[in-house]
Amino acid sequence: MGTTAELERYEQRFRRAGLPLFIEDFSPTHDIFTRAAPLLVLVFLAEMLGATSLEWHWWQNLLAAIGGLVALIAGFGLLNGLRGRPFGSLPTRFGTPELAVFVFLPALLPVVTQGQVKQFFGVAFGNLLLVGLVYVVVGYGFIATVVWGVRQLARELANSVASFVRALPLLLVFSLVLFMTADMWQVFAWMPAAFIVFSVIAFTLLSTVFLLIRLPLEVDAIERTAGSGPPLSRSQRFNVSVSLVIRQWMQVLVVSAGVGLFFIAFGMLAISEHIYRQWGVDAGSWSYHVELLNHPLVLSASLIKVAVGIANFTGLYYSIALLTDSTYRTEFLDHVSNELRELFTARAEYLELRRTGPSAGVR
């Protein structure tokens with residue numbers, strides 16, 4: 001006969017692995033927004049400042065802030081009364097009424113005190129965006145997966161460095177050709193730093209979209225080989241895919257950082273001031289000149305931009321190669337397949353325990 005403690009151990013294991021949707025009866029009202037209640041309450045109370053104005057005296061803003069705080073607490077207290085809870089209690093579940101109060105009640109403060117209708121839509125949209133972010137981050141185990149990644153950093157770093165060393169020859173053939181061209185330097189040297197950051201974000205999103213499209217097929221294959229328990233639901237497969245994407249990000253980040261540092265060092269040795277002038281490239285907003293064994297080295301803003309650009313291209317190439325190239329694909333998936341098989345087996349044991357023991361897991 002299963003016990004509540006045993007079920008809780010399984011559920012904690014799923015959470016620590018970044019797979020909270022493996023928990024049966026996992027729901028937003030009980031598991032997602034309730035866990036994020038401290039953050040939501042803090043934001044909710046801080047939005048009393050929406051009742052203030054920069055054009056008012058300090059004592060007017062103080063009174064407005066206190067009045068806004070009273071209004072927010074009173075509004076949530078009235079909702080508690082309607083839901084059959086004590087006036088000042090924190091909700092044990094966040095359903096649609098609680099989330100609606102969180103989104104819209106603070107947005108009404110600038111309308112009441114200043115008639116700022118535009119600010120109402122801004123605050124409401126911001127709160128709605130926060131609710132969606134909490135749902136995604138907590139519901140799909142982003143935090144748990146990142147915490148798992150920090151705990152496993154040494155092992156993941158060793159695997160990523162090993163992957164980087166094995167991939168280095170092919171990656172350098174791909175990258176050196178780009179690095180040693182004047183056109184590449186001219187493009188990135190004159191590109192604003194904000195555009196470099198935007199390109200990094202855009203390439204990261206592009207590789208993530210590719211992974212999210214491709215990984216469900218890999219998850220299905222791993223699930224078939226594991227052969228434990230009932231099939232995963234669509235949301236559970238997506239949860240596994242998200243966990244795999246985060247783990248792959250760690251490898252791609254190490255490889256990209258390694259390539260970027262390599263080209264910074266190589267560029268300092270190989271690209272002299274003479275080549276800068278010959279290619280018609282400016283050093284950028286800053287540059288440092290040092291000597292190593294009587295050889296002048298130049299570290300410049302342009303070199304950093306080019307190295308980041310090359311690392312960005314290389315990271316995109318490597319993230320795709322991990323799932324398309326047979327060598328990289330086997331290396332990456334074999335590392336996580338064993339862990340997933342163990343989790344699938346644990347899920348089957350957990351479901352059997354729920355069937356023969358308590359009717360529901362710990363909420």
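Is L21 buried or exposed? Let's start there. L21 is buried, because its relative accessible area is 13%, and buried means under 20%, exposed over 50%, and partly exposed in between, with a 1.4 Å probe and protein chains only. L21 is found in the loop between α1 (4–16) and α2 (28–32). Helices here are DSSP runs of H or I, at least four residues, numbered from the N terminus.

Quick housekeeping. This is a predicted model, so local features need pLDDT of at least 70 and side-chain atom pairs count only at pLDDT 80 or more, while totals for chains, interfaces and linings use all residues. Residues are numbered from 1 along each chain as its sequence is written, and side-chain values use heavy atoms, with hydrogens and water left out.

Okay, back to α1. Q12 sits in that helix, and it's partly exposed, at 30% relative accessible area. Between Q12 and I23, eleven residues apart along the chain, the C-alpha separation is 9.2 Å.

Now the salt bridge, meaning a side-chain nitrogen of Lys or Arg within 4 Å of a carboxyl oxygen of Asp or Glu.

V112 counts as exposed because its relative accessibility is 68%. V112 and A51 are 61 residues apart in sequence, but C-alpha to C-alpha they are 7.9 Å apart in space.

Next, the second largest pocket, with about 240 Å³ of space. A pocket here is an open set of points on a 1 Å grid where a 1.4 Å probe fits, with protein on both sides within 12 Å along at least five of seven lines, and lining residues have an atom within 4 Å of a point. There are 16 lining residues, and V41, F44, F76, S89 and L90 are the closest to the centre. Which helix gives the most? That's α4, with five residues, and α3 (37–46) supplies at least two. By type, the lining has twelve nonpolar, four polar and no charged residues.

W58, W59, L62, L63, I66 and V70 make a nonpolar surface patch of about 690 Å²; patch members have over 30% relative accessible area and no salt bridge, with nonpolar side chains joined within 5 Å. V70 belongs to α4, residues 58–82.

Methods
Patch = residues over 30% accessible without salt bridge, like charges linked within 9 Å, V, L, I, M, F, W, Y side chains within 5 Å. Areas by Shrake-Rupley, 256 points an atom, 1.4 Å probe, with all protein chains shown as cover. Points joined across faces, edges and corners; volume = space filled by probe spheres on them. Nonpolar A, V, L, I, M, F, W, Y, C, P; charged D, E, K, R; others polar.
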